[in-house]
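Dear colleague,

I am passing on the structure we spoke about, and below it you will find my notes on what turned up when I went through it. Please read them with the structure open beside you.

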Amino acid sequence: MKKLSIDLDGQVALVTGASRGIGAAIARALASCGCHVVVNYRTNRDLAEGVVDSIRSSGGSAEAKGFDVMNGETVKQAVKEIASTHERIDILVNNAGVSKDGLILRTRESDLDEMLGTALKGSFFCTSNVARYMLKRHYGRIVNITSVVGLGGNAGQSVYSAAKASLVGFTKSAAKELATRGILVNAVAPGFIDTDMTSNIDKDKLLGVIPVGRVGMPGDVAGVVAFLCSDLGSYITGQVIVVDGGLYM
Ligand code: NAP
């Protein structure tokens with residue numbers, strides 16, 4: 001009997017914000033399934049090169065590419081370069097994100113611009129540019145990384161939650177628009193995942209409200225993304241898959 005496995009051999013994936021945390025784990029997971037992975041970063045080039053080195057030393061294929069997803073022109077140029085080098089982009093993971101927590105009365109407009117800009121504008125710019133190449137090949141998998149707070153809200157995270165909620169609407173609309181063209185669009189909503197973004201949160205206090213009794217690790221999210229990008233997920237589009245150990249039910 002043939003064993004079920006995730007085989008993405010020969011595919012090209014772009015993962016935004018992959019220099020660390022969840023994005024780095026997604027890059028490693030997709031590379032382990034056979035993808036050539038473009039590891040995007042904004043400022044941390046050394047970390048991104050480290051992710052690339054770790055993939056290559058495990059026998060995988062990757063390259064680092066720095067660009068700010070909020071800047072439409074640089075996204076366009078970067079995607080054009082990736083497509084002309086590899087002649088395809090099969091997978092896009094819109095993972096880049098910024099969280100600046102604060103009460104409504106204390107949130108600055110610049111924080112709002114950065115959170116919405118990274119989540120919504122960034123995902124839109126990457127999707128619209130990459131979809132151009134996916135449409136030509138009639139194949140693509142797009143996964144947007146949202147958050148459980150985009151579904152349920154959280155005090156002190158009004159703008160971050162709104163930015164993440166915007167990705168849900170974007171995911172569902174893009175899924176409807178692109179489904180007949182062989183492109184599936186889904187979202188993954190992590191709960192509390194142990195990364196730089198959550199380093200200032202007291203994990204012990206959270207354990208009591210996470211039913212599985214542990215915080216999430218970046219690999220917990222990465223496995224679900226790999227599943228959605230594989231043939232195993234070929235009848236799923238427009239969905240938000242929650243990965244939170246039962247935190248949000
Ligand atoms: P993280 O450790 O803070 O990493 C953020 C990544 O995003 C970094 O690689 C960063 O690049 C990149 N980035 C930020 N702004 C960017 C921009 N404008 N252009 C390109 N790259 C940019 O965050 P994380 O915890 O791994 O989170 C990854 C995603 O999961 C985010 O969308 C976040 O909202 C979401 N999420 C996280 C959690 C959690 O508990 N950690 C829960 C739910 C959802 P540089 O290193 O170059 O700065």
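Thr146, if its neighbours within four places in sequence are left aside, is in contact with Lys164, Ala165, Leu167, Val168, Ala187, Val188, Ala189, Pro190 and Val240. This residue lies in the loop between β5 and α5, the latter covering 149–152, and Thr146 is buried, with a relative accessible area of 2%. Please keep in mind, here and throughout, that this is a predicted model.

Within β5 itself you will find Arg141, which counts as buried because its relative accessibility is 6%, where the cut-off for a buried residue is under 20%. Leaving aside neighbours within four places in sequence, Arg141 is in contact with Asp90, Ile91, Leu92, Met134, Gly182, Leu184, Leu228, Cys229, Ser230 and Ser234. Arg141 and Val185 are 44 residues apart in sequence, and yet their C-alpha atoms are 6.1 Å apart in space.

The next topic is the nonpolar interior. In soluble globular proteins, nonpolar side chains tend to be buried together. Here the largest nonpolar core has 36 residues, and those with the most contacts inside it are Ile26, Leu30, Val37, Val39, Val93, Val188 and Val225. The elements that contribute two or more residues to this core are β1 (12–15), α1 (21–32), β2 (36–41), α2 (45–57), β4 (91–94), β5 (140–145) and α8 (218–229), and of these α1 gives the most, with 8 residues.

With 6 of its 6 residues buried, β2 is largely enclosed by the rest of the structure. In β1, Val12 and Leu14 point one way while Ala13 and Val15 point the other way, and all of them are buried. The two strands, β1 and β2, pair in the parallel sense over 4 bridges; the bridge partner of Ala13 in β2 is Val37, and Leu14 stands opposite Val38.

The model also holds a ligand, with 32 residues around it, of which Ser19, Thr43, Asn95, Tyr160 and Thr195 come nearest. As for individual atom pairs, a polar side-chain atom of Tyr160 lies 2.6 Å from an oxygen atom of the ligand, and a polar side-chain atom of Asp68 lies 2.8 Å from a nitrogen atom of the ligand. The backbone takes part in such a pair as well, with a polar backbone atom of Ile22 found 2.8 Å from an oxygen atom of the ligand. Taken alone the ligand exposes 900 Å², and the protein buries 97% of that.

Three loop residues remain to be mentioned. Asp101 is found in the loop between β4 and α4, and counts as partly exposed at 49% relative accessibility. Leaving aside its neighbours within four places in sequence, Asp101 is in contact with Gly156 and Gln157, and with the side chain of Gln157 the side chain of Asp101 makes a polar contact of 3.1 Å. A further polar contact, of 3.0 Å, joins the side chains of Asp101 and Ser99. The C-alpha atoms of Asp101 and Val159, which are 58 residues apart along the chain, are separated by 8.2 Å.

Glu87, in the loop between α3 (72–86) and β4, has a positive phi of about 65° although it is not a glycine, and Glu87 is exposed, with a relative accessible area of 67%. His138, in the loop between α4 (109–137) and β5, has a phi near 55°, again a positive value in a residue other than glycine, and His138 counts as partly exposed at 46% relative accessibility.

With kind regards

Definitions and conventions: Residues numbered from 1 in each chain as written. Predicted model: local features only at pLDDT ≥ 70, side-chain atom pairs only at ≥ 80, totals over all residues. Heavy atoms only, no water. Core = buried A, V, L, I, M, F, W, Y, C linked by side-chain atoms within 4.5 Å. Buried < 20%, exposed > 50% of the residue type's maximum accessible area, 1.4 Å probe, protein only. Near = heavy atom within 4 Å. Polar contact = N/O pair within 3.5 Å; in protein donor to acceptor, adjacent residues only side chain to side chain. Areas by Shrake-Rupley, 256 points an atom, 1.4 Å probe, with all protein chains shown as cover. Contact = heavy atoms within 4.5 Å. Pairing = 2+ DSSP bridges.
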